[in-house]
Amino acid sequence: GRPDLEAHRIRAVGRAEERFTEDHLRMLRAVRFAATLDFDLEPGTADAIRRLAPKLAAISVERVQQELTRLLLEAPRPGAGIEQLRALGLLHVILPELDALVGQRQPPQFHPEGDVWTHTVLMLNQMRQRDARLAYAVLLHDVGKPPTARLVDGRIRFDRHAAVGAALAESMLRRLRLPNDDIKAIVYSIANHMRFMDVQRMRKATLHRLVGAPTFPLELELHRLDCAASHGDLSNYEFLVAFQNACNAE
């Protein structure tokens, strides 16, 4: 295995198909190792995963969720790891709803980076803090866009995508069997992530409730990543940080 280590390469021991048939979870683990170590998958190993990816459905949800969560928290670039899961067919087995993000166009004036999938991957890669609630909030925050997308006067709109996305996210997270407290916080943050657009026009009492909410740190970081991975305008984020600092100084 030393040549593979020196080449930063993940290779199954012996015949890859035999190893993955012995335990289908090894396919997901191989991607996690590659993402966490910033290694490449050996082509034969990757091909075996593509062929056997549907077999992952036979593995208990708890084991799958543990591997997915570790990838999101431990990989230097979690978005790249999630992209590899998608490319190998594993993500479709775990969270098929995310397939619709690929190719879903967005208004270029707000999202010059591209489609919803590209935006999500960029956000994951830019996470500064590693927290399961934040990682899943980022991964699922725009899952409501494809089902709500429509063209109005030549502009793409996603009316009520936050509410629709929150409902979808709750179903997906319950299927993954995340802890109830985590699901509640993630779903709340997704449902309310668009209100940050209006913070500079909010009344002080409303801002105090926003900043004082137990989910505010999660919501604020989700908003920062959302802006940083799209239009780059952090004025609302900076406004809220300044407001919070002023409140703490009182």
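**Figure 1. Lining of the largest pocket in the predicted model.** In this predicted model, the lining of the largest pocket comprises 9 nonpolar, 9 polar and 8 charged residues. The pocket has a volume of about 710 Å³. Its lining is formed by 26 residues, and those nearest the pocket centre are Phe110, His111, His161, Met194 and Met197. Two or more lining residues are given by each of strand 4 (155-157), helix 11 (161-176), helix 14 and helix 15.

**Figure 2. Packing of helix 14 against helix 15.** Helix 14 spans residues 216-228 and helix 15 spans residues 235-249; their axes come within 9 Å and cross at roughly 150 degrees. Because angles over 145 degrees count as roughly antiparallel, helix 14 and helix 15 are roughly antiparallel to each other. Their crossing is left-handed. On the side of helix 14, the contact involves Phe216, Leu220, His223 and Arg224, which meet Asn236, Tyr237, Leu240, Val241 and Gln244 of helix 15. Sorted by class, the residues of this contact are 5 nonpolar, 3 polar and 1 charged. Both helix 14 and helix 15 also give two or more residues to the lining of the largest pocket.

**Figure 3. Packing of helix 6 against helix 8.** The axes of helix 6 (residues 78-87) and helix 8 (residues 116-125) lie 6 Å apart, and the two helices pack at an angle of about 135 degrees. Helix 6 and helix 8 are therefore oblique to each other. Helix 6 contributes Pro78, Gly79, Ala80, Ile82, Glu83 and Arg86 to the contact, while helix 8 contributes Trp117, Val121, Leu124 and Asn125. Of the residues in this contact, 6 are nonpolar, 2 are polar and 2 are charged.

**Figure 4. Packing of helix 8 against helix 9.** Helix 8 also packs with helix 9 (residues 132-140), at an angle of about 165 degrees and with the axes 8 Å apart. This angle makes helix 8 roughly antiparallel to helix 9. The crossing of the two helices is right-handed. Thr120, Met123 and Leu124 of helix 8 make the contact with Ala135, Val138 and Leu139 of helix 9. The contact consists of 5 nonpolar residues and 1 polar residue, with no charged residues. Leu124 of helix 8 takes part both in this contact and in the contact with helix 6.

How values were computed: Residues numbered from 1 in each chain as written. Predicted model: local features only at pLDDT ≥ 70, side-chain atom pairs only at ≥ 80, totals over all residues. Heavy atoms only, no water. Axes fitted to C-alpha atoms, helices over the stretch in contact; angles between N-to-C directions. Helix = DSSP H or I, 4+ residues; strand = E, 2+ residues; numbered from the N terminus. Parallel < 35°, antiparallel > 145°, perpendicular 65-115°, else oblique. Left-handed = near helix turned anticlockwise from the far one by under 90°. Contact = heavy atoms within 4.5 Å. Nonpolar A, V, L, I, M, F, W, Y, C, P; charged D, E, K, R; others polar. 1 Å grid on protein atoms, 1.4 Å probe; cavity = no way out; pocket = protein on both sides within 12 Å on 5 of 7 lines; lining within 4 Å. Points joined across faces, edges and corners; volume = space filled by probe spheres on them.
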